Amino acid sequence: MVATIFRFLVIFLLPSMVLGQSLNLSVADQTADNNRNTFTLGNSEISFGSQSVRFLDSDTEQNYDAVGVSPDNTIISTLTWEGQEGEVALYSTEGEKLNAFSTISLADETSFGLYPFDNGNTLLRDKIANFTFYDSFGEIVTSMSSSSQSTEGEAISEVARSAAGNTVVIYNPKIKRNGELGSKAQVRIGTKEFEDIFFSSDRYLKNVTISKDGSLIAVVTAKQGTDDRVLIMDKYGNELNSISAEEDLKDVRFTDDLEHVTIYSGGRVMVYNTLSGESLGATSFRSPVITADYFPEDNLILALTGNYAERSGTLNSIEFRAINLQQRSIASKQFSGVLGLNKAIKLRLVRDSGNSYILKGANKNISIRANF
């Protein structure tokens with residue numbers, strides 16, 4: 001009789017426990033009607049075309065050869081180029097022109113890059129490894145070249161910056177010398193000064209991430225035949241920790257309190273203590289990981305997976321998964337729609353409240369509620 005009652009409890013209570021672990025998804029009303037190219041920045045809707053941006057609130061349209069969005073999504077900058085003449089224009093999200101200024105002589109549109117900051121300053125990549133910093137009035141503050149001078153070639157230099165723009169890293173992802181792929185990274189330490197924080201003759205850089213407050217930097221390095229490696233350093237380049245993984249690593253995220261890092265590859269997400277390197281947990285995925293983060297307040301890993309089509313800038317076969325490390329339980333939910341992404345707008349998962357999160361940076365903001 002006791003055994004029968006026990007079997008009854010297992011059969012009927014276990015399903016209810018499983019059902020208690022779930023994710024609820026909803027599209028924010030303000031973004032519900034956005035098409036794949038329309039993004040809500042602040043309270044304004046902006047449509048990005050392949051060579052133009054349209055501010056729907058004011059029905060203003062601006063052509064561009066390069067476009068950038070500030071980290072706080074309040075300023076949109078455009079670069080237009082004709083012959084060797086270039087002009088940078090800065091707009092509010094409502095379409096109000098805040099400033100416009102002429103650039104230095106430009107020559108190679110294939111390597112243009114535009115990086116506006118929240119305060120109206122602008123960084124322009126005008127050649128493969130040349131950068132010019134402009135203040136909010138359009139005056140040149142300083143310029144620099146990150147060229148390696150390698151006769152065997154190098155990739156286009158890239159930029160990483162903190163949310164506040166107080167830490168800026170310019171790096172050469174791949175430098176070819178003597179048949180090896182190396183790399184280097186420099187941090188801006190003053191108005192006109194730059195200092196090397198990473199150099200390798202045989203490991204290339206896959207990504208550079210800066211914490212929100214700009215105090216910590218993580219670089220993902222790789223070399224064929226060896227494990228990928230994440231180096232964590234302070235903003236002056238002093239190495240604090242090194243974490244190796246067999247995975248083909250993609251990116252790193254710092255928690256807001258800086259105590260943990262989330263490291264993810266295309267099929268796995270791992271969480272470590274920032275300084276000790278102690279593993280808190282990991283999970284694997286069958287679908288490609290697009291972004292992931294760890295929220296220590298909830299002991300929860302949250303990840304977005306899907307198939308990204310770079311040519312159309314769309315993400316489909318979307319699924320969200322939450323892993324509660326304290327309870328050792330998992331919940332997942334598929335999203336039936338398609339999301340539009342834009343390289344100028346950072347895709348991120350943010351905590352709204354306890355066990356509630358928002359995916360921001362896509363054409364639609366997705367609210368996520370985890371129940372454990």
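Lys-212 and Asp-256 form a salt bridge, with their closest N and O atoms 3.4 Å apart. A salt bridge here is a side-chain nitrogen of Lys or Arg within 4 Å of a carboxyl oxygen of Asp or Glu. This is a predicted model, where local features need pLDDT of at least 70, side-chain atom pairs count only at pLDDT 80 or more, and totals for chains, interfaces and linings use all residues. Residues are numbered from 1 along each chain as its sequence is written, and side-chain values use heavy atoms, leaving out hydrogens and water.

**Lys-212 and Asp-256**
- The two residues sit 44 residues apart: Lys-212 in the loop between E18 and strand E19 (216–222), Asp-256 in the loop between strand E22 (249–254) and strand E23 (260–265).
- Strands (E, at least two residues) are DSSP runs, numbered from the N terminus.
- Lys-212 is exposed at 54% relative accessible area, and Asp-256 is exposed at 62%.
- Exposed means over 50% relative accessible area, buried under 20%, and partly exposed in between (1.4 Å probe, protein chains only).

**Lys-206 and Asp-228**
- Another salt bridge joins the side chains of Lys-206 and Asp-228, at 2.8 Å from N to O.
- Lys-206 is partly exposed at 25%, whereas Asp-228 is buried at 7%.

**Arg-351 and Glu-297**
- Arg-351 meets Glu-297 in a salt bridge, the closest N and O atoms being 4.0 Å apart.
- Both are partly exposed: Arg-351 at 33% and Glu-297 at 49%.

**The wider picture**
- Shared partners join Lys-206, Asp-228 and Asp-248 into one salt-bridge network.
- The whole structure holds ten salt bridges.

Definitions and conventions: Helix = DSSP H or I, 4+ residues; strand = E, 2+ residues; numbered from the N terminus.
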